[in-house]
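Visitor: I am new to this structure and would like to learn how to read its features one at a time. Could you guide me through it?

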Amino acid sequence: MVSGGKYTDTGQFLMASISSLGIGSGLDLNGLLDQLNAAERGKLKPIESQIKTQQVKISAYGELKGALSAFQTAANALNDASLYQSLSTSTTGEAIQAAAGADASLGRYEVEVETLASAGSYATARLEGIETLDDSVVSGGGTLQLQFAHANGGDGESVPISIDDNATLADIRDAINAEQAGVTASIVNDGDGYRLALMSTDTGEEASITGMDWSGVDLEAGVSFSTTATAVENVGKDAELTVNGIAISSPSNQVEGAIQGVTLNLTGEGSSTVKVEQNTRAVREAITGFVEAFNALKGTIGKLTAFTGDSETAGDLLGDSAVRSIESQLRSVLAGGVAAEEGGFAMLSDIGISLKLDGTLEIDQQRLDDVIANDQDALSAFFAGDTATGGLAGQLSEAITQLNGNNGALGGAISGAESRIESLNERYARMEQSIDATIARYRTQFGQLDGMIAQMNQTSDYLFQQFEMMNAQLGRK
């Protein structure tokens with residue numbers, strides 16, 4: 001609206017400010033300004049489209065990088081020489097379970113488990129003279145001795161337990177457990193009274209609890225041990241077994257050293273056969289995983305570069321030079337093979353893996369099984385080699401690392417797309433500032449136009465009034 005305007009005595013209109021476009025002129029200047037703003041901002045759409053294109057590319061590159069990483073992980077698994085030296089164990093029967101370590105030797109072992117190792121236990125005679133667990137058992141405190149008669153090769157040992165004044169049977173149990181002396185204590189009610197029961201925490205005769213010496217504490221008056229419900233002692237046993245006829249004794253049911261590099265877990269009495277063999281399953285799974293990872297990578301590339309004849313459904317990296325470079329480098333490493341000694345493997349086809357026409361890998365399972373079963377040393381030399389990049393797997397891993405580097409095909413493509421987005425964002429910001437300045441200039445000009453038209457309208461109204469007054473004075477109608 002126009003505010004504060006007035007005429008001078010000479011009829012000149014002094015225009016004040018216009019607070020809303022179009023109020024002074026009656027024209028839809030705000031609508032016109034909005035149309036001009038929309039037209040100007042249309043210049044930003046090509047930049048927005050280019051930014052979106054680069055963002056889509058970066059997302060597609062990320063998907064490709066993930067597939068490359070998965071393939072590199074599979075290649076690295078094959079680039080470990082220890083894979084081809086690993087051993088596995090198999091057992092028959094239910095008496096034992098076995099696990100082979102790195103220093104185990106191939107072989108077959110007949111194992112006979114005669115006795116399982118057990119933990120010793122000891123229960124005191126029934127305590128007479130107490131009715132509840134809250135009743136005091138000892139007076140004046142003192143030291144209670146736990147006895148392990150078979151420890152130290154039969155020389156025995158004792159573990160002192162400090163007992164507080166006026167301790168109850170529960171207090172004594174807690175004091176023994178707090179000492180962590182190789183036993184756990186509990187309280188048993190045999191139907192006629194209470195006993196203190198102890199169980200060795202370890203199996204075997206030497207770790208077995210065999211008794212308790214109460215001479216270091218004074219029992220409360222009226223409290224005594226029964227002479228009829230006497231102490232019960234169960235001495236722990238060592239496991240007894242034979243390996244290929246050789247007698248072996250073990251304090252634990254987990255036996256190490258009976259077979260070099262093999263841990264036997266005894267689960268029952270009886271006969272079992274233990275076989276230590278090369279771990280062909282781990283090698284087979286690693287090679288199968290390698291082929292599957294490469295085919296998955298090939299599938300990802302196919303999806304990202306798919307040609308459908310429709311730009312809306314075509315792959316996001318259709319015609320991308322970085323993808324072509326990645327495929328070319330990987331195909332070159334796969335087809336190039338490795339230098340092999342006489343009798344060794346030089347090409348993937350030598351071990352039963354072929355490159356199909358569609359670019360994927362295919363396994364001849366029969367050939368691969370034969371190689372894994374009979375030529376693991378040569379297989380190790382082919383995939384792992386004698387250096388980090390001496391075998392095919394190492395060469396592939398190194399190639400992928402280079403592809404992902406700043407100067408590599410994929411790393412460079414990602415960096416380039418990110419740089420283009422940064423440049424486009426700067427261009428967008430500059431153009432937006434230019435548009436804002438243009439619209440501000442239009443707003444100023446429209447405001448001036450609105451004021452001029454308002455002044456002209458006011459002048460027209462004034463002149464009309466003056467002519468009307470003159471006509472009235474002259475008697476004109």
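Visitor: Where is the place of Ser380?

Guide: Keep in mind that this is a predicted model. Ser380 has its place in helix α7, which covers residues 376–383.

Visitor: Is Ser380 buried or exposed?

Guide: A residue counts as buried when its relative accessible area is under 20%. Ser380 has a relative accessible area of 12%, so Ser380 is buried. Leaving aside residues up to four places away in sequence, Ser380 touches Ala81, Tyr84 and Gly385.

Visitor: Which residues have the most contacts inside the largest nonpolar core?

Guide: That core has 52 residues, and those with the most contacts inside it are Leu78, Ile287, Phe290, Leu348, Ile351, Leu379 and Phe383. At least two residues of this core come from each of α2, α4, α5, α6, α7, α8 and α9, and α4 gives the largest share, 10 residues.

Visitor: What does Phe383 touch?

Guide: Not counting residues up to four places away in sequence, the contacts of Phe383 include Leu78, Ile287, Phe290, Leu348 and Ile351, and Tyr84 is also one of the residues it touches. Another core, of 27 residues, lies apart from the largest one, and among its residues are Val138, Ala151, Leu169 and Ile172.

Visitor: Which residues make the nonpolar surface patch?

Guide: Leu463, Phe467 and Met470 make this patch of about 300 Å². Met470 is found in helix α9, residues 409–473, and with 44% relative accessibility Met470 counts as partly exposed, because that term covers values between the 20% limit for buried and the 50% limit for exposed.

Note on methods
Residues are numbered from 1 along each chain as its sequence is written. This is a predicted model: local features need pLDDT of at least 70, side-chain atom pairs count only at pLDDT 80 or more; totals for chains, interfaces and linings use all residues. Side-chain values use heavy atoms; hydrogens and water are left out. Helices (H or I, at least four residues) and strands (E, at least two) are DSSP runs, numbered from the N terminus. Buried means under 20% relative accessible area, exposed over 50%, partly exposed in between (1.4 Å probe, protein chains only). Contact means heavy atoms within 4.5 Å. Patches are made of residues with over 30% relative accessible area and no salt bridge: like charges are joined within 9 Å, nonpolar side chains (Val, Leu, Ile, Met, Phe, Trp, Tyr) within 5 Å. Accessible areas come from the Shrake-Rupley method with a 1.4 Å probe; for residues, only the protein chains shown count as cover. A salt bridge is a side-chain nitrogen of Lys or Arg within 4 Å of a carboxyl oxygen of Asp or Glu. A nonpolar core is a set of buried Ala, Val, Leu, Ile, Met, Phe, Trp, Tyr and Cys residues joined through side-chain atoms within 4.5 Å.
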